[in-house]
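Have the chains open while you read.

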Amino acid sequence: MKLLRILATLLFAAIAVSPAPTFAGEGGRTAKPVIEIANPGKCVAPVDEMRRNHMEMLKHQRDRTMRQGIRGEPASLNACIECHASKKTGSVLGSNENFCQSCHSYAAVKLDCWDCHQPKAGFKATGVKP
Amino acid sequence: MTAPQEPGSNPRRAFIAAAGAGVAGLGFTAIAPGLHLMAVGQADAAEVRKAGSAASPAVRWGLLIDAGKCAPGCTKCIDACHTENGVSEKLPDPRQNSQWIRKIELVDRRDGRKTELPMMCQHCANPPCVDVCPTGASMKRADGIVLVDRHTCIGCRYCMMACPYKARSLVHVPLTEQNPEVPRGQGCVESCTLCVHRVDRGQTPACVESCPEGAMLFGDLNDPSSAIAKRIASVPTTQVRSDLRLNQGVRYQGL
């Protein structure tokens, strides 16, 4: 009986200290997306505001730039990827560690900016002969 | 009707001179109060708009193409355009490839005289593509550049039907090789943007810069002191299909 109790205690301890990689973050109970950012800490707004409002900021900026021709606004998709593109792949897409894709796949929100916009930082287009 | 102005008395230029006094890179040097030395740069390069300011309706960007200088068989403007705008897809059916600018050959049947000229979006003042667009995606910017807002384009291709110049293309396949400054993608209609991203930086369109014959002239049609306005005022120029009264921003010389 005593042996069984010791075994049970050991098993419990083993479960308690075993690492849980999918439960990253402070809370430890909720799965959080894993994000890899090349140049963190230089964003145009605080993290909370960006998480909640980045889509609105980008939408208003895109209309001003596209329709009125206003350039050089802080909320610019190209400026986003300068910092947020992954160090490994140079892109904000491609794997669930890359900035845009990680959160959007986590939150199951469709991401269609990059159907037209270039997701790689510093990409040079080449074109083709007619 | 407005009275003809002397070049120095253009109010817009005066305003820019006042605003730009002391700002490096604008090309103005104050000699004495009210007297400015204006640097004349490369043929009528666009003025750099300040970041955060909108395109001005006082400006109307235009292009004058001298068909007499356009060399037969030369495709430098097309290459430069497609490199600048990242038009790189080659589809099994070449009719589906995007065509922002193309060369066409005119033959006078009476005497066989051949003329080549580049044809692209003519940036009409009264664009039929904007009239027919059901979502408002096809639009004319305040400075006369006709664009497609891909955020609202549904790819219906009415504008392609409406355009008398066959200037627009639909992107048929998913793209990955876009120029960061020129977003483009599957399911949207696109056409020449007059290199709007370059114009907003104060540069001229890629085709103009690449033409080895100097057959293309870019500038502000509304500014009587610009090289393009002076040339249009002094030599006979044509708007293709002027009978449609669309008032194109792209004009031709020597047709």
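Q: What makes β3(B) and β10(B) paired strands in this predicted model?
A: Pairing takes at least two bridges between strands. Five bridges join β3 (residues 61–66) of chain B to β10(B), and the two run antiparallel. That clears the cut-off, so they count as a pair. One bridge to look up links B:L63 with B:F218 in β10(B).

Q: Why are β10 and β11 of chain B said to stand at the edges?
A: The sheet is open, with four strands in the order β10-β3-β12-β11 (chain B) and mixed pairing. β10 (216–220) and β11 (237–238) each have a single partner strand, so one side of each has no neighbour in the sheet.

Q: Which strands does helix α7 of chain B lie across?
A: Helix α7 (residues 227–234) lies across β3, β10, β11 and β12 (250–253) of chain B, and runs at about 110° to β10(B).

Q: What makes A:F99 a buried residue of α4(A)?
A: Buried calls for 20 or more other C-beta atoms within 10 Å of a residue's own. A:F99 is listed as buried, along with A:C100, A:Q101 and A:S102, so each of them meets that cut-off. The buried residues of α4(A) pack against α3 (77–84) of chain A. After the helix comes A:A108, with a positive phi near 55°.

Q: How many residues of chain B are in contact with chain A?
A: 29 residues of chain B touch 20 of chain A. Helix α2 (residues 76–84) of chain B gives the most to chain B's side, with four residues. By class, that side has eight nonpolar, twelve polar and nine charged residues.

Key: Residues are numbered from 1 along each chain as its sequence is written. Chains are lettered from A and ligands numbered from 1 in the order in which they are written. This is a predicted model: local features need pLDDT of at least 70, side-chain atom pairs count only at pLDDT 80 or more; totals for chains, interfaces and linings use all residues. Two residues are in contact if their C-beta atoms, placed from the backbone, lie within 7 Å. Ala, Val, Leu, Ile, Met, Phe, Trp, Tyr, Cys and Pro count as nonpolar, Asp, Glu, Lys and Arg as charged, and the others, Gly among them, as polar. Axes are lines fitted to C-alpha atoms, for helices over the stretch in contact, and angles run from 0 to 180 degrees between N-to-C directions. A residue is buried if 20 or more other C-beta atoms lie within 10 Å of its own, exposed if 12 or fewer, and partly exposed in between; C-beta atoms are placed from the backbone.
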